[in-house]
Amino acid sequence: MALTVLTLSNPDGEHRIPCPLHASLTLGCGPDCDVTFEGVGILPRHCVLYRTGERTFQIIGVYAAAQFSVNGVISSELEVNVPFKFGIGGDVFDVDLCEEDRTVLPEPAGVEPGVVGDGGQQGGRTSRRGYLLRPITLKPRGGLRVGEVILATSPAPEAGSPGLPQPASEMPRAAEPIVETKAVPDEEESSSLLLVGLLLCGAMIAGVVYWPHHLDQLSAEKAEVVARRVTEPMLPPEETVKACEDLARAGAPRLAAQILMPLAEEGNLAAMHQLALALRAADQFGEEVVYLLQKAVEGGRREAVRDFVSVVDDPENPARYATAAFKQLQMAAKLGETSAWMPLGERFEYGNGTKADIQQAIAAFEKARVSGDRRAAAKLSARQEAMDCVAAYVRSWNEVSVATLLDHVAAGQGRFFTLDHPPVEALLRQEEEMRARWPLRRISVAAGAEMEVETFDLIKVTQPFQFEVQRGVRIARGKGVLVCAVQRDAADRWRITDASDRIEVTELLPDKGQFVSAGSLRELKPAFTHEEQVEEARLEILEQMRGLEATEDFKPALTVLMNAVYEFPQDTFWQPFADKLCDRMARQLFMSGKWLDAAWAEPVHQFAEHGSVSAMLLEGHLHAAGYGCTRNAARSVALYQKAFEAGKRRDARFYYAEALFQGRGVPQDIEKAEALVLAFMSRSKHPLEAYLAAHLLWRKAEHDPALWQDVYDTLSRVVETFPPAKNLAGMVLLNHGQTTKERRTGFAAIKAAAEEGVVEAMKSLSQCYLEGVGCEKDLHLATFWKQKVMVTEPPRRRHYTEFEE
């Protein structure tokens, strides 16, 4: 016998499907499949099984996503021989072929013997059309299968109902798979009589002619019955909508949408509502979702209004900020839906879909806050936060330090009192001046603050305040109003970006004449006498000069000193401060070898013009080096001379005499240099003065050997603090010492100076090793020190004020 039946078996049972050679079976979860499976991931038409040989099958997935497994191998197209294990939807079936099953099942009532279902044939052979067209269901459940869910069906019609065949015997239970086969009676042996043969042939010819018409009529009647059962409503609309709502919650929104669509098309408002939610849950957001909910709301379904607001304001709604969306939100608000007020407020705030109106936005946010919307409460809290920021700023005016100022204001953005877009330094200086002007301050916030919302990130605040300021016996009392623009920064902090105030003075003690009238608190000043003004300026200069030794930013001190020069041209109280500042700047110039800011040269020039000796010397250094001005050695010497003649200061004498001795910028004048130096510096302990005096004495000792002792004595006072002096003293002993010990001491001094980095000492030491003066000859060491001269940079020049006697 031929193998014409395909068997699929698992622990639940065995299922048989007719499958002759070259037959094909469609497998899936759809109702039109030859074999219907239920499970996760099974498509309506999942795959097709082709029988290509006696024991060979080819399995092809209908879609690329249709996956199955054969003997544990997952694929979308395979060729395999039976038996094999077939996996789909999480279940595994054993697949094999067997001989044709000829079990006789009970015939349905009303069908002639030998006719099975809608494709049977008379006689004992099963029709191929019958078993190819009749699908089977694996693991069926009671009820109507829709997609992935089984819905309970209406009760089956009773026997004898019109249009349905009557069962001839008790039918099998619905939960068990049914495989119908034709009853195939045993073929009887034909008679040898020719007449019987002819009669049989005639009957067969008549059957061939009659059978197709009978088959078509039977199929049409049965299709009509099935169509009537499917289209007839199984549940009332309300229960259907409720069931679909449960389906959507259970994770099958697509299935719910398919069932709800006919009801929605008929105008059922509840179906429209749930269909929109099902489509949204299935990630199919589109205009139809909004349209369905709007129709449901317009039709009077109050339950849909909140969902309507949600989808209109959904971030995935492409028309979220369109005019239509704004009108839809307005409609929801008019219907009493409180959740619409928050998005309506945002539309009014930013002008999305309507004209921007901050007052309308505030009104909408207020209604949303009353309804319990925390977002609206957070929005509206911006007003109080801005007012708190301004109040804290007013209270900070009582603080001694300005360190907390930047906790309240954002510098450089707007106008702060008399300053327009001030940098941080100017803003801090303004506050420090107010504190210095009024050491005692009692400033408090008054009631009656108002705010005007421009946006919820920019709020204008008007804050009344009261003040009492005091300096000595002067006391001023009054009230004022501070107007601020407060803005939220990127870190979600409120900062004042613009501030102005106006004050009304109510009391001035001891009398009005001791105050300068002003309209702003920061312009209110005591009317100082000249002496008080000088003292005020002096105190301000002292404040700026504080910590000058530790800083390289001389601009604040230069500025305050220049103000004092211009404000008090007849006074000289500022000169000691200017001298100290210029000496500090000169030391920085000598130490670093550079001038940090060319703009500093002009204030230095002004100080020099107004009589500052240190400023004259510093300007001379700048002309000598070409920093901040054009290099001019002659101008440099002239400034040294001017400084010396102005104050007869020792440092000015030194720089002027040094320039004359070296002939830098002017012809060398040894006699004038000696007159300036020898009478005042030969006994000096200042290293620079002693070194210069030793050089001048050296020239005289070359003509009078008795002076070598004076040269050595002058240098010996500073050898410990000035290495070049140590080298020069060693040269005196080495060349003019009377004993071997003195010459060896001189060699040791030269060597020590060389080791401390004095280039001239290195040259002398190399020559000593080369010639054996004061030491043994050593060509290696002579070469070493000669090479070191070439790689050693000359030491930097030391400023006069670096040394202390």
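1. Basis. In this predicted model, local features need pLDDT of at least 70 and side-chain atom pairs count only at pLDDT 80 or more, while totals for chains, interfaces and linings use all residues. Residues are numbered from 1 along each chain as its sequence is written, and side-chain values use heavy atoms, with hydrogens and water left out.

2. An open sheet is built from 6 strands in the order 2-1-11-10-7-8, with antiparallel pairing. Strands (E, at least two residues) and helices (H or I, at least four) are DSSP runs numbered from the N terminus; two strands pair if DSSP finds at least two bridges between them. Strand 2 (13-18) and strand 8 (73-75) are the edges, each pairing on one side only.

3. Strand pairs. Strand 1 (residues 3-10) pairs with strand 11 (residues 91-99) over 6 bridges, and Leu-8 has Val-95 as its bridge partner. Strand 11 also pairs with strand 10 (residues 84-88), over 5 bridges, with Phe-86 opposite Phe-93. Strands 10 and 11 form a hairpin with 2 residues between them, and Gly-89 in the turn has a positive phi of about 60°.

4. Helix pair. The axes of helix 14 (residues 555-567) and helix 16 (residues 601-609) come within 11 Å and cross at roughly 35°. Axes are lines fitted to C-alpha atoms, for helices over the stretch in contact, and angles run from 0 to 180 degrees between N-to-C directions.

5. Helix contact. Leu-558, Leu-561, Met-562, Val-565 and Tyr-566 in helix 14 meet Pro-603, Gln-606 and Phe-607 in helix 16 (contact: heavy atoms within 4.5 Å).
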